[in-house]
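I opened my notebook to record what I looked up in this model.

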Amino acid sequence: MTTSQIVVRVCLFIVAGISIFGGSLQMRLGQPDTTRQLDNVHRFMAGVYLATGIICLWAGITIEQQGTLVYLLALGILLGGIGRLVSIRKVGLPEPRGVWLGYLIPELVLPFVIAGAHAIG
């Protein structure tokens, strides 16, 4: 395994940890103090988030066999981060700020590290 594959693997494992933890937590908590429709959408997206974490974990484990999937995962992570930025711009940064920044920063940085390291191969 090359150094760049190790970098991609570690990044995918970081994203997997965040997504599996965050998706599981949000699936359980839902969206309190809101409408049934928004809670339903929130829990659906939590399931997608959880599944993305599982896919990142699998891709990290099997990194030597992966090609385009890694780029697609990086794109999905980046788009999720962009979605958070749009939300922050429209309605502000949720509390506690550190937790949400802890989600946002890897979502904006890791996709470029993942894609760059995977391109080096």
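**Entry 1: helix α3**

I began with α3, which has 24 residues and runs 35 Å from its first C-alpha to its last. That is close to the 34 Å expected at 1.5 Å a residue. The expected span is 1.5 Å times one less than the number of residues. I took helices as DSSP runs (H or I, at least four residues), numbered from the N terminus.

I noted the ground rules next. This is a predicted model, so local features need pLDDT of at least 70 and side-chain atom pairs count only at pLDDT 80 or more, while totals for chains, interfaces and linings use all residues. Residues are numbered from 1 along each chain as its sequence is written, and side-chain values use heavy atoms, with hydrogens and water left out.

Which residues of α3 are buried? I listed Val70, Leu73, Ala74, Ile77, Leu78, Gly81 and Arg84. Buried means under 20% relative accessible area, exposed means over 50%, and partly exposed lies in between (1.4 Å probe, protein chains only). The cover over these residues includes α1 (3-29), α2 and α4.

**Entry 2: α2 against α3**

I looked at how α2 (residues 36-61) packs on α3 (residues 68-91). The angle is about 145°, and the axes are 11 Å apart. Axes are lines fitted to C-alpha atoms, for helices over the stretch in contact, and angles run from 0 to 180 degrees between N-to-C directions.

Which residues meet here? From α2 I wrote down Tyr49, Thr52, Ile55, Cys56, Trp58 and Ala59. From α3 I wrote down Leu69, Leu73, Ile77 and Arg84. Contact means heavy atoms within 4.5 Å. I sorted the residues into 8 nonpolar, 1 polar and 1 charged. Ala, Val, Leu, Ile, Met, Phe, Trp, Tyr, Cys and Pro count as nonpolar, Asp, Glu, Lys and Arg as charged, and the others, Gly among them, as polar.

**Entry 3: helix α4**

How many aromatic pairs does the structure hold? I found 1. The ring centres of Trp100 and Tyr103 are 5.6 Å apart and their planes are at 65°, so this pair is edge-to-face. Rings of Phe, Tyr and Trp (its six-membered ring) pair if their centres lie within 6.5 Å; planes under 30 degrees apart are stacked, over 60 edge-to-face, the rest tilted.

Trp100 and Tyr103 are 3 residues apart in α4 (residues 97-120), so about one helical turn separates them. An α-helix has 3.6 residues a turn, so residues three or four places apart point the same way. Trp100 is partly exposed at 26% relative accessibility, whereas Tyr103 is buried at 12%.

I also checked His118 in α4. Its relative accessible area is 14%, so His118 counts as buried. Leaving aside neighbours within four places in sequence, His118 contacts Val8, Ile63, Gln66, Gly67, Val70 and Tyr71.

**Entry 4: loops and backbone**

Most residues other than glycine have a negative phi, and most peptide bonds are trans. I looked for departures.

Asp33 lies in the loop between α1 and α2. Its phi is near 55°, a positive value in a residue other than glycine. Is Asp33 buried or exposed? Asp33 is exposed, at 83% relative accessibility. Thr34 is in the loop between α1 and α2, and is partly exposed at 34%.

Just after α3, Gly92 has a positive phi of about 100°. The peptide bond from Glu95 to Pro96 is cis, with omega near -10°. Pro96 lies in the loop between α3 and α4.

Methods
Helices (H or I, at least four residues) and strands (E, at least two) are DSSP runs, numbered from the N terminus.
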